[in-house]
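Me: Here is a model I would like to go through, starting with the contact between its chains and then turning to the sheet.

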Number of protein chains: 2
Amino acid sequence: MNPHELYMRAALKQAEAARRKDEVPVGAVIVQDGKIIARGHNTRESGKNPCAHAELLAIVRAAKKVGGWRLTGCTLYVTLEPCPMCAGAIVNSRLDAVYFGAYDPKAGALGSLCDLNAIGLNHRFAVEGGVLEGECAQILKEYFAGKRKKRR
Amino acid sequence: MNPHELYMRAALKQAEAARRKDEVPVGAVIVQDGKIIARGHNTRESGKNPCAHAELLAIVRAAKKVGGWRLTGCTLYVTLEPCPMCAGAIVNSRLDAVYFGAYDPKAGALGSLCDLNAIGLNHRFAVEGGVLEGECAQILKEYFAGKRKKRR
């Protein structure tokens with residue numbers, strides 16, 4: 001398995017953790033020198049927190065781990081394309097690179113709905129979408145299908 | 001004094017609190033039914049947290065106060081135009097309206113560098129910039145002038 005897929009599998013495990021809490025299943029990990037230093041999964045409902053997206057939680061935890069707000073040299077893996085809030089947090093934390101799984105045409109801010117990496121902010125980073133895209137999209141698809149079934 | 005200026009003065013007090021910690025002086029408050037329910041000021045350096053912007057902290061605190069992630073019916077006052085992360089957090093929290101003081105041509109995401117309120121996300125809100133603009137800009141200007149002086 002290539003390393004990007006390995007880290008994305010760890011992010012998928014976080015998405016599973018969100019699903020078990022009946023949260024929209026999105027997960028993220030942050031890697032520094034080949035090691036996962038922080039994890040996060042969406043807890044918007046259970047945490048009663050509009051900012052508790054997987055990426056934002058992982059970024060806050062990684063900063064705590066490195067002892068400063070700059071995550072230079074770190075890479076984020078997340079199962080879904082970041083929303084504007086999370087893409088902005090990636091800029092603010094100076095992450096080197098972002099790998100995401102599924103694309104989000106409705107709110108994706110790294111190329112789908114807009115591209116916050118290309119508007120002239122004071123930091124840019126490498127981006128690659130579509131890593132384990134099928135699995136990352138499938139867990140979301142199943143979650144929302146289950147929700148619709150319950151509502152019937 | 002009109003009510004918007006009154007609330008912006010409370011946000012300016014938060015900016016002062018940031019300045020006293022040698023942080024970039026930006027402050028925010030969130031108002032519900034005419035009452036300030038949450039406050040926040042930038043603590044990126046002292047908190048070692050890239051996400052510790054005034055708006056984000058105020059939003060997380062307001063959600064805790066109302067007991068849910070939806071801040072429908074609430075208004076945010078912030079001394080500086082929100083960055084993409086904070087503008088995205090405003091969308092995610094479903095705030096009704098945002099009043100900001102100074103414009104930020106370098107990173108402002110509500111009209112200056114970009115406008116995240118106009119790209120087709122699933123929530124839109126009312127925006128007014130320039131409330132007590134002079135005072136909100138002045139505290140930032142003085143802070144950065146002091147920084148430059150120290151570096152000489």
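Me: How many residues does the contact take from chain A and from chain B?
Reply: The model is predicted. Residues are counted on either side of the contact between the two chains. Chain A gives 30 residues, and chain B gives 30 residues.

Me: How much area do chain A and chain B bury between them?
Reply: Carbon and sulfur atoms hold 72% of the buried area. On the side of chain A, P50(A), W69(A) and N92(A) lose the most, together 25% of what that side buries. The area buried between chain A and chain B is about 2300 Å².

Me: How many residue pairs are in polar contact between chain A and chain B?
Reply: The number of salt bridges between chain A and chain B is zero. Polar contacts are counted apart from these, with N or O atoms within 3.5 Å. Between chain A and chain B the count is two residue pairs, both at pLDDT 80 or more.

Me: Which element gives the largest share of the side of chain A that touches chain B?
Reply: The elements giving two or more residues to this side are α2 (54-66) and α3 (84-93) of chain A. By class, the side has 17 nonpolar, eight polar and five charged residues. The largest share, six residues, comes from α3(A).

Me: Which are the edge strands of the sheet in chain A?
Reply: The open sheet has five strands in the order β2-β1-β3-β4-β5, with mixed pairing. Strand β4 (residues 97-102) of chain A runs parallel to β5(A), joined by four bridges. Strands that pair on one side only are the edges: β2 (35-41) and β5 (126-129) of chain A.

How values were computed:
Residues are numbered from 1 along each chain as its sequence is written. Chains are lettered from A and ligands numbered from 1 in the order in which they are written. This is a predicted model: local features need pLDDT of at least 70, side-chain atom pairs count only at pLDDT 80 or more; totals for chains, interfaces and linings use all residues. Side-chain values use heavy atoms; hydrogens and water are left out. Contact means heavy atoms within 4.5 Å. Buried area is the accessible area (1.4 Å probe) that two parts lose on being put together, summed over both. A salt bridge is a side-chain nitrogen of Lys or Arg within 4 Å of a carboxyl oxygen of Asp or Glu. A polar contact is a pair of N or O atoms within 3.5 Å; within protein, one must be able to donate a hydrogen and the other to accept it, and residues adjacent in sequence count only if both atoms are side-chain atoms. Ala, Val, Leu, Ile, Met, Phe, Trp, Tyr, Cys and Pro count as nonpolar, Asp, Glu, Lys and Arg as charged, and the others, Gly among them, as polar. Two strands pair if DSSP finds at least two bridges between them.
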